[in-house]
Amino acid sequence: MQRIRLRYTKRGRLRFTSHRDFQRAFERALRRAEVPMAYSAGFTPHPKVSYANAAPTGTGSEAEYLEIALTEPRDPERLRALLDESLPAGLDIVEAVEARTSGLADRLTASVWELRLDGVAPEDARRAVDAFNAAETVEVQRRTKNGVRTFDARSAVVGLESAKTHSSQADRPSDHPCAILRLVVRHVTPAVRPDDVLSGLRAVADLAPPVPAAVTRLAQGLFDEETGTVTDPLAPDREAAATVPHPAAATAAATAPA
Amino acid sequence: MPAEAAESVFPQLEALLPHVQKPIQYVGGELNSTVKDWDSCDVRWALMYPDAYEVGLPNQGVMILYEVLNEQDGVLAERTYSVWPDLEALMREHHVPQFTVDSHRPVKAFDVLGLSFSTELGYTNMLTALDLSGIPLEAKDRGLDDPIVMAGGHAAFNPEPIADFIDCAVIGDGEQAVLEVTRIIRAWKEEGRPGGREELLFRLAKTGGVYVPGFYDVEYLPDGRIARVVPNRSGVPWRVSKHTVMDLDEWPYPKQPLVPLAETVHERMSVEIFRGCTRGCRFCQAGMITRPVRERSITGIGEMVDKGLKATGFEEVGLLSLSSADHSEIGDIAKGLADRYEDDKIGLSLPSTRVDAFNIDLANELTRNGRRSGLTFAPEGGSERIRKVINKMVSEDDLIRTVATAYGNGWRQVKLYFMCGLPTETDDDVLQIADMATRVIQKGREVSGSNDIRCTVSIGGFVPKPHTPFQWAPQLSAEETDERLAKLRDKIRGDKKYGRSIGFRYHDGKPGIVEGLLSRGDRRVGAVIRAVYEDGGRFDGWREHFSYDRWMNCADKALAPFGVDVDWYTTRERTYEEVLPWDHLDSGLDKDWLWEDWQDALDETEVEDCRWTPCFDCGVCPQMDTSIQIGPTGKKLLPLTVKNAAPAAGGGR
């Protein structure tokens, strides 16, 4: 059985896709692309897909990850292209590597987010960020199924800054004041989401964007304590593939029609 | 329309989406959706299914017309659906108009707003959409820059209750009709829109296939009945004809079915295997207004399934029609598809309503690899006598034999559909449903040797519909319907030995009365619809939004000036002489034949199916110049041998 890890995006208006919606769309794409999926055993077999850590509905993402299990080996790049073609534009499959290591989910310990605050002056954003960073804890509230919960949004945040220029993936035109925040947050339980950090900014500095923030996950991976950066979670698989070609993949490449 | 009025409203909408439920339903971008260049098209359609996206998106009618129109050069079609009240409130607050999900352009910027009404319960949603669009609710107040508001779908066979709100209605099959309408609009626009809106509507009306309510006056008798409906200008026909597509193989739509991201009510690749039905069930409007039977060929079906699955990735195929087991080659179709998709985990489904052993063979074939969970049959009436009244020719012994075969083949659950409130019905007719269910369980336990089998009885109130032999029948009041259903429930629950194996699902009689008012209503009912809408009525097909009291209060007020009331429209029996509100809409059925069939119903006399007995003169074929088109073609559906020859994913070219 071959396992392939994919990075995919939720871009533009399709960022409103919920995780359940994405799952259905992805499983259909697997059928359209005629991917030889491995199925779970049991009464109602399901294709073997493991999703990791999906971004909330309404937030964009450049870095979502999943892993699929195949019964026959396939070339990851060709598989990627086929799957990408089988999904609506915006849900794009951007990277594929064969799994050579264990524990992809264990390597997703932090995320980098971009928060675009339309209608907010950059100076105001900077002041709020400074106040947030200076605080020891920032209590915020979130409504959950079981009522309103209060928790600290500060300790999971390992980086929050107001960006000078934006490397935006977001899709809104901007001729008005617009602040861009870059946020690095650890994946902890309970999760601290970009929304919670925005609530925190409101709590510490009364920052209240006039329109909902456009939030995009730029990266996800292992948090490097020394450099304070988030590393590419597929890099170990890619490195392993470069040194030892997988026998199955080699066979597939050899037998594939030109 | 000035160009800037056609700009996308997505930026404004986007700011509202984080605050509403399931925002994905408003963003479009579905697989196989089409966005054409606005400026390079001269005829632009907004197609609306006036219900929530999750119900509207899978609608075959809208999907077919969307594709047929978008295939034309210079024509574009986009879709719009009803927005839920949470978004409606925000749109009103922030002045965002009703939009299409494809390019998010305001509906008002289009040439036509075409609404597909499968049910009358979408009427209030139409008014919401018109108002959100900034289009005047009543046709008489609209100007040159407002779209033509056109109704279609089965409910449009009696468009009189919405006559004030629509500019026109088209009845029957839409495929060719929309192209003809497009041609007329294009010519009128090219000529510089001579004579304005009225001239365009006149050109449409002149074809004889587009009903423009504004060109007809309704005169009433002192007792409230209609005296006559007459054209108020020369050149428009006395009666407007339905449209009939004759060769379904020439119209293999949808070719590229839309694949939603949001969850919807039907997630499958649907293929219409034939259109029309001549079984002659007297309650069934669909069967009456879609005659004659026109089959899609076995090879045409095979091709549509193959292409459709490739285009969508759906894992289920639905073979749709009004009675799918009646296709002349259904056995070969079922076997051929089951063979073809044996290894692909593709489910096949057939809305199975016929009660005979052949149906079980079919069901077995379609579930070759899968579970045999439930089979559904629709005897519709509980007693032999009432089944003769409705012309649903199935004897209780047939039914028991059929379910015995089903349980013997490993099926564990049988669902039975019935109606309550059928003409001439008494308590006894309905209570016999319990006896039937008991016999089903008895037989099932005997055949399967197990107590682990179930029978579910599902029952709803009957609503008499226009263009059927029951169009003259009195509807049973909500109170009597509820009483009768309560008696049936008590009888089933009271059965100590079998009651626990019988499930009972029923719908109360109140929504049926509103549906009855709208189904057989005339133009005066429009005032009720408007009052309900203005009082906040929306999504009447949804239990959590529907308010019977609101409808009754509004009807009392709005109908009082005319001296009629809800009972007058629903529980009153009509006579032969009465002019019915829809008489000037020609479904092809001969009114005298319908009346005779109504008399036959009262005499408990059955009528055969004209596919295998001589014509019984319902009138449709000569009136519409059509004929029955059925097989067998003798062709076989072969497995596609090319499949799996070269693995596509990663291994292909």
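The points below take up the basis of the model, a helix pair, the chain contact and the nonpolar cores.

1. This is a predicted model, in which local features need pLDDT of at least 70 and side-chain atom pairs count only at pLDDT 80 or more, while totals for chains, interfaces and linings use all residues. Residues are numbered from 1 along each chain as its sequence is written, with chains lettered from A and ligands numbered from 1 in the order in which they are written.

2. Helices here are DSSP runs of H or I, at least four residues. The contact (C-beta atoms, placed from the backbone, within 7 Å) joins Ile64(B), Leu65(B), Val68(B) and Leu69(B) of helix 3 to Glu175(B), Val178(B) and Thr182(B) of helix 6.

3. Between the chains, 31 residues of chain A are in contact with 26 residues of chain B. On the side of chain A that touches chain B, the largest share, six residues, comes from helix 1 of chain A.

4. The largest nonpolar core has 215 residues, and Met150(B), Ile166(B), Cys168(B) and Ala437(B) are those with the most contacts inside it. Such a core is a set of buried Ala, Val, Leu, Ile, Met, Phe, Trp, Tyr and Cys residues joined through C-beta atoms within 7 Å, where buried requires 20 or more other C-beta atoms within 10 Å of the residue's own. Apart from this core lies another, of 33 residues, including Leu117(A) and Val184(A).

Conventions: Contact = placed C-beta atoms within 7 Å. Helix = DSSP H or I, 4+ residues; strand = E, 2+ residues; numbered from the N terminus. Buried ≥ 20, exposed ≤ 12 C-beta atoms within 10 Å, placed from the backbone.
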